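Hi there,

Here is the structure I promised to pass on.

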Amino acid sequence: MKNFEIVSKRRLAENVSEYEIYAPYVVRHCLAGQFVILRTDEDGERVPFTICDYSRELGTVRILVQEIGYTTLKLSRMEVGDALADFVGPLGNATDLSEFKSICLVGGGIGTAVIYPQAKQLRSERKSVDAIIGARNKDLLMYTEEMRAACDNLYLITDDGSNGKKGFVTDMLRELVNGGKKYDCVFAVGPLPMMKAVCALTEELGIRTVVSMNSMMVDGTGMCGCCRLTVGGRTRYACIDGPEFDGHEVDFDEAISRSRIYREQEQNHVCSIRG
Amino acid sequence: MTEIITRHEMPAQSAENRINNFDEVALGYTPSIAEAEAERCLNCKNAPCMKGCPVGVHIPDFIGKIKEGDMRGAAEILTGDNNLPAICGRVCPQENQCEKYCVRKVKLGGSVAIGNLERYTADWAMHNGIEAKHRESDERLRRMKAAIVGSGPASLSCAADLARAGANVTVFEALHKAGGVLVYGIPEFRLPKTVVQKEIDRVLALGVKIVTDVVVGKTLFIDELLEEFDCVFIGSGAGLPSFLGIKGENLNGVYSANEYLTRLNLMKAYENGAVTPVLRGKKVVVVGAGNVAMDSARTARRLGAEVRLAYRRSRAEMPARAEEIEHAEQEGIIFDLLVNPVEIIGENGYASAMRCVRMSLGEPDASGRRRPVEIDGSEFEIDCDEVIVALGTSPNPIIKNSMPRLETTNRGTIVADEYGRTSVERLYAGGDAITGAATVILAMGAGKRAAEAMLKDYIERK
C-alpha cells in the first residue's frame, strides 16, 4: 500500500465524509485528541484535522472532513487508492480527562469526530459518559450509531427538530443538568460559536469545561504562531500547548476573529475549484 | 609602485527592478570578473582566511585553481570541504569570517571577495555536475547507521560528512520539504530554492536518505531512533518565534516573521494562484533589525507594501549584516530607529496602527550594547495594516519535552560539548538547537564537528 493512501471513504452527511488513511508512522503513537496535518498534492496548503479513530493493526488513521474550503473540496474529489502528498502527525497533546469521573461530551458538526474516540476511551476506563450531539438538521448528524454504542446515554438535538429534540446543544445540556444529571466535566468540541455558548452555560452551572481548538495552522509544531490564542490572559499555541484548553479561560471572540483572517481569499479559491 | 586593484563587487539587480520580482538580487560574477578577483588573492602561506571558516574550506587553494583557469580543480577542492557551497556563497556573513582575516582588508583594496568566488565556483560545480565524493575510510563505517533529526544546514552538513565516510544515513524532517530554514526562512531573492534543492540533491547522491513528514518527538521518539541506529544527531534548529508580549498582538495582520516567511517561501504564497494565503498589507511595520527582519521587510516590499522597520536601538546596534541593511535601504525600507512598540491597535479585528515610544541609549547592558531607555511622553502612532514581528527564535521544545533525561539549559537549548556530544550516550546535537538562533555556516560547522565525533566514537565502540 502507498504511504498516505486513501483506504476508505464514506459519506456521512451533506458535505461531510470520513476518510481512512494509510499512515503507519502516524499510527504508532497517536492518541485520542491529537491531530494530523495534510496536503492533498504538491502545491497544496497544510491543513490540520483531528484524529477521530485509528487502527494500529492496519496502520490507518481516520479523519472527518467537512467540505468548506479549497483543500477539503479537493480532498472530496480524491478516491480510494489515491494518495495524499503529505500526512504528518500525531501532533498536539492527547486528551487528558483522567481527573474526571462523570463526563458529558458535547459535539457539534464534525466535532463529533473528536468526542467519539474520547467516548470509547472513557468507557474503557469505566467512567460515566453521556453525550450530546447537535446539528442544524437530521442530515447533518453523524456517528450516531457509533456514539450510541460508546456512551451511557446519547442525546440528539437539531436546530429544526428533524431528529431528536429541537434546539441547540446548550438547551439539551441545561435540561439534563436541571433534570438532576451531575457532571464534573463537559468536553465540548464543535464550531467556535457553539463552544463559546457551551462555555458560557457551564460557567453559569459551575461545571469544568474542556474545549478542543481547531485553529488554522501552517507547520503544527510551534514554529509559526498562526494558531495562537489567548487563554487565561496568556498567548498559547493550539498546536503545541493544546489543542485542548480550559474553555472558561479561552478568549473565544478573539479566536472567532482570527478564524476569519483569510475569509475573502478562501472564497476566491473555493470559487475557482467549484468552477 | 603598481596600482592597487580594489575588490570586485557583486553585480546585482538594480533596486528599482528587484522590488518588483522575487528573483535573486545578486547576479553572480562573470568568468572574467572571477578571474580578476582571484588574481587579487596573495596566496598567503599561513592562510589567515581559513581560520575564519567554520567548515575549514582550503580558500587559497580553490582560489589558486580559479587563477590557473582550472575550474574543475577549484570546484573539487571547494565541494570537498564544504557540503553546501552554493548556499554558503550566498548567505554566509563573510565579512565576519574568512574575509575578516584577509590581509588585503585594510590597505590593499579590500578583502578578497571570497564569498563571491565561492558562489561562482559552487555554481560552476552545479552546472557542470561535480558530485560530492566519498572519502577513503575505515571499512567498519559501512555498517554504521546514523539518524539525523531535521534537515537544515547543521543536519545536511552532518549527514553529508557521515555519508562521505561510508555510513548509512537517514534524515527525518518534520515538514514536507527538506532544507529547514533554507527553504522556509530565507527568501528566494537571497537564496533561490532551486539552488537549495541542487545542493540537497548532491547530499542525496552520497546515499543519504531523507524521510519527510516525521516530527521526531511526536511521530517517532529519540529513544526509538537510538534503538534502531548506532547514533543520532539532533539538528532541529531554533524554530520557536518570540513575540513582543504587548496588547493587540493577536490581531489579524500580526505575524511572526517565521509565519510570514514560511507562508511566502515554503508555501510560495507570493506566486499567483498559490493555495496558501497571506495578507498583503499596504503599510507594513517590521519589528526587529536582524537578518530575518530584513528578509521580512524586503519580502513585504516586493508584495507592494510601504515598509517601515521599527527598532528600539540605533543603527550601530542593528544585528543584521551590513549588506542586508544596505539592500533594504536601497529598496526603500524606512528605518524607524530608537522606536519601541507598546501596543498594536485594531479595527474590526485587524491591525490598524502601532503605538510606539521613542527611546534613547543609556548605559551598556549585559550584551555590551547600550540599553535603550524610554523617553517620557514620546508616545506616537504608526499607521499600518500589517505587523511582522522579527525578534528572534528559540529552540522548539518538542524534543526536549519528549525526552526529559536529555539535559537542556533554561533557554531551552540542548547541552552539548564542542563536538556535539549530549548528556545521552550516542546522541549528538548541533546548530541552533544548542546555540540558539545563529547563522547557517556556524550550524554547518557544528554538524561537521559532530560527524567527526560520531565516526570516531563509533569506531571506538567497535
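**What turned up, starting with a salt bridge in chain B**

Arg421(B) has a relative accessible area of 27%, so Arg421(B) counts as partly exposed. Please keep in mind that this is a predicted model. The partner of Arg421(B) is Asp457(B), and their side chains form a salt bridge at 2.9 Å, N to O. Asp457(B) sits in helix α16 (residues 440-461) of chain B, while Arg421(B) belongs to the loop between α14 and β16 (427-429), so the pair ties together parts that are 36 residues apart in sequence. Asp457(B) itself is buried, at 11% relative accessible area.

Another pair in chain B is Arg7(B) with Glu99(B), whose closest N and O atoms are 3.0 Å apart in a salt bridge. Because Arg7(B) lies in the segment before α1 (15-18) and Glu99(B) in the loop between α5 (85-91) and α6 (114-127), this bridge links parts that are 92 residues apart in sequence. Arg7(B) is partly exposed at 23%, whereas Glu99(B) is buried at 7%.

Chain B also holds a network: salt bridges with shared partners join Arg18(B), Arg190(B), Asp295(B), Arg298(B), Arg302(B), Glu324(B) and Glu331(B). Over all chains, the search of the whole structure gives 54 salt bridges.

Now to where the chains meet. The contact involves 43 residues from chain A and 42 residues from chain B. Together the two chains bury about 3400 Å², with 54% of that on carbon and sulfur atoms. On the chain B side, Lys218(B), Asn250(B) and Val275(B) lose the most area to chain A, together 21% of what that side buries.

How many salt bridges does the rule find across the interface of chain B and chain A? There is one, and in it the side chains of Arg28(A) and Glu224(B) meet at 2.7 Å, N to O. The rule also finds 22 residue pairs in polar contact across this interface. Helix α11(B) supplies four residues, the largest share of the side of chain B that touches chain A. By class, that side has 24 nonpolar, twelve polar and six charged residues.

Last, a helix in chain A. After α6(A) comes Gly206(A), with a positive phi near 70°.

Best wishes

Methods
Residues numbered from 1 in each chain as written. Chains lettered and ligands numbered in written order. Predicted model: local features only at pLDDT ≥ 70, side-chain atom pairs only at ≥ 80, totals over all residues. Heavy atoms only, no water. Contact = heavy atoms within 4.5 Å. Buried area = accessible area lost by both parts, 1.4 Å probe. Salt bridge = Lys/Arg side-chain N within 4 Å of Asp/Glu carboxyl O. Polar contact = N/O pair within 3.5 Å; in protein donor to acceptor, adjacent residues only side chain to side chain. Helix = DSSP H or I, 4+ residues; strand = E, 2+ residues; numbered from the N terminus. Nonpolar A, V, L, I, M, F, W, Y, C, P; charged D, E, K, R; others polar. Buried < 20%, exposed > 50% of the residue type's maximum accessible area, 1.4 Å probe, protein only.
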